[in-house]
Amino acid sequence: VVAPLTLAKTQLEAGHGTSTFAVLREVQRTSGLGGYFRGIGPTLIRDAPASGIYLAMYRFLCDRATRADGSLSPTWRFLSGGVAGAAAAAITHPFDVVKTVLQAPPQGFRGEPQRFVPALQYVLRTAGWKGLLRGF
């Protein structure tokens, strides 16, 4: 359920379509059922490591800030969550860029195979390594 809605959201943000249902109908018409899951690979590659990175870093930071009596202030919990979230996002953001290229293909990418490696190559070819951090 989430993959088709994420696809529609990405398409609408890129200016493709007028409503969620219009985008979903167009995807069904042009790509069939499989089209709803375009970009699912990079999404999974991003989400699993992002969660692991976040949890590991959050625990590490909380452990370092815990007082001798075992308590941890809400401020340190908040800061640990923010730093852990930012680190996880920075490390996994390139996968989000590739997912966006697959879900809302730019003019120059249309007609190329709609898979992870060609999308990654497109980003590197058109924007270089800094393109993998676009939008961060």
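What follows is a short exchange about a predicted model.

Colleague: What makes the protein more spread out than a compact globule?

Modeller: Start with the fold. The protein has 5 helices and 0 strands, in the pattern α-α-α-α-α. Its radius of gyration is 19 Å, well over the 14 Å that the globule rule gives for 136 residues, so the protein is more spread out than a compact globule. The C-alpha atoms fill a box of roughly 60 × 35 × 20 Å along the principal axes.

Colleague: How much of the protein is called buried?

Modeller: Buried means under 20% relative accessible area. Of the 136 residues, 34% are buried. The accessible surface comes to about 8,300 Å², and 65% of that belongs to carbon and sulfur atoms.

Colleague: How do you know what span to expect for H2?

Modeller: The rule is 1.5 Å times one less than the number of residues. H2, residues 20-31, has 12 residues. From first C-alpha to last, H2 reaches 16 Å, close to the 16 Å expected. Gly32 follows H2, with a positive phi near 75 degrees.

Colleague: Why are the buried residues of H2 said to line one face of the helix?

Modeller: The buried residues of H2 are Val23, Leu24 and Val27. Seen down the axis of H2, they fall within an arc of 95 degrees, so they line one face. They pack against helix H1 (2-13). On the other side of H2, Phe21, Arg25 and Arg29 are exposed; the cut-off for exposed is over 50%.

Colleague: What makes up the largest nonpolar core?

Modeller: A nonpolar core needs buried residues of the listed nonpolar types, joined through side-chain atoms within 4.5 Å. The largest such core has 9 residues: Val97, Val98, Val101, Leu102, Phe109, Ala119, Tyr122, Val123 and Leu132. Helix H4 (74-103) and helix H5 (116-127) are the elements that give two or more residues to this core. H4 has the largest share, 4 residues.

Colleague: Which residues is Val101 in contact with, leaving aside its neighbours within four places in sequence?

Modeller: Contact means heavy atoms within 4.5 Å. Val101 is in contact with Pro106, Phe109, Ala119, Tyr122 and Val123.

Colleague: What share of the contacts with a separation of 6 or more joins residues 24 or more positions apart?

Modeller: Such pairs account for 55% of those contacts.

Definitions and conventions. Residues numbered from 1 in each chain as written. Predicted model: local features only at pLDDT ≥ 70, side-chain atom pairs only at ≥ 80, totals over all residues. Heavy atoms only, no water. Buried < 20%, exposed > 50% of the residue type's maximum accessible area, 1.4 Å probe, protein only. Arc of directions from axis to C-beta. Rg over C-alpha atoms; globule rule 2.2 N^0.38 Å. Areas by Shrake-Rupley, 256 points an atom, 1.4 Å probe, with all protein chains shown as cover.
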